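Me: I have a structure open and would like to learn how to read its features one by one. Could you walk me through them?

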Amino acid sequence: MRNYNGLVTELNNTYFPQVKYYRDNKHTQKIHYSCELFNNGCLSLSKLIDTLVKETKETAEKIEKIILKYYSL
């Protein structure tokens with residue numbers, strides 16, 4: 001099961017609730033772009049996790065749990 005929309009919505013609501021539109025913030029732009037690349041098979045899971053950890057300032061374990069809610073790997 002792949003659910004790009006669910007993943008980026010949860011990331012936005014959890015880590016950037018004050019941002020109305022993802023293009024308004026450079027961190028949310030990078031998150032959306034990385035998730036889109038991963039969804040299309042152009043980015044590995046480890047690279048996605050690295051990017052999300054950097055942009056959200058969260059631990060890799062928590063980010064991986066969020067990803068696994070929306071993607072069965």
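Reply: Let's start with burial: a residue is buried under 20% relative accessible area, exposed over 50%, and partly exposed in between, using a 1.4 Å probe and protein chains only. The model is predicted, so local features need pLDDT of at least 70 and side-chain atom pairs count only at pLDDT 80 or more, while totals for chains, interfaces and linings use all residues. Residues are numbered from 1 along each chain as its sequence is written, and side-chain values use heavy atoms, with hydrogens and water left out.

Me: Is His32 buried or exposed, then?
Reply: His32 has a relative accessible area of 8%, so this residue is buried. His32 sits in helix α2; helices are DSSP runs of H or I with at least four residues, strands are runs of E with at least two, and both are numbered from the N terminus.

Me: Which residues is His32 in contact with?
Reply: Contact means heavy atoms within 4.5 Å. Leaving aside neighbours within four places in sequence, His32 contacts Tyr4, Val8, Asn12 and Tyr22. With Asn12 there is also a side-chain to side-chain polar contact at 2.8 Å. That term covers a pair of N or O atoms within 3.5 Å; within protein, one must be able to donate a hydrogen and the other to accept it, and residues adjacent in sequence count only if both atoms are side-chain atoms.

Me: How do I read helix α1?
Reply: Compare its span with the expected one, which is 1.5 Å times one less than the number of residues. Helix α1 covers residues 4-15, twelve residues, and reaches 17 Å from its first C-alpha to its last, close to the 16 Å expected. Its buried residues are Gly6, Leu7, Val8, Glu10, Leu11, Asn12 and Tyr15. They pack against α2 (26-39), α3 (45-56) and α4 (60-70).

Me: How many salt bridges does a search of the whole structure find?
Reply: Side chains of opposite charge can pair when their charged atoms come close. The cut-off for a salt bridge is a side-chain nitrogen of Lys or Arg within 4 Å of a carboxyl oxygen of Asp or Glu. The search finds two. In one, Lys69 pairs with Glu10, the closest N and O atoms being 2.9 Å apart. This pair links distant parts of the chain, with Lys69 in helix α4 and Glu10 in helix α1, 59 residues apart. Lys69 is partly exposed at 49%, whereas Glu10 is buried at 14%. Lys30 and Glu55 also meet in a salt bridge, at 3.9 Å from N to O. Lys30 lies in helix α2 and Glu55 in helix α3, so the pair ties together parts 25 residues apart in sequence.

Me: What about aromatic pairs?
Reply: Rings of Phe, Tyr and Trp (its six-membered ring) pair if their centres lie within 6.5 Å; planes under 30 degrees apart are stacked, over 60 edge-to-face, and the rest tilted. The whole structure has two such pairs. Tyr21 and Tyr22 have ring centres 5.2 Å apart and planes at 45°, so they are tilted. Phe38 and Tyr71 have centres 5.1 Å apart and planes at 75°, so that pair is edge-to-face. Both Phe38 and Tyr71 are buried.
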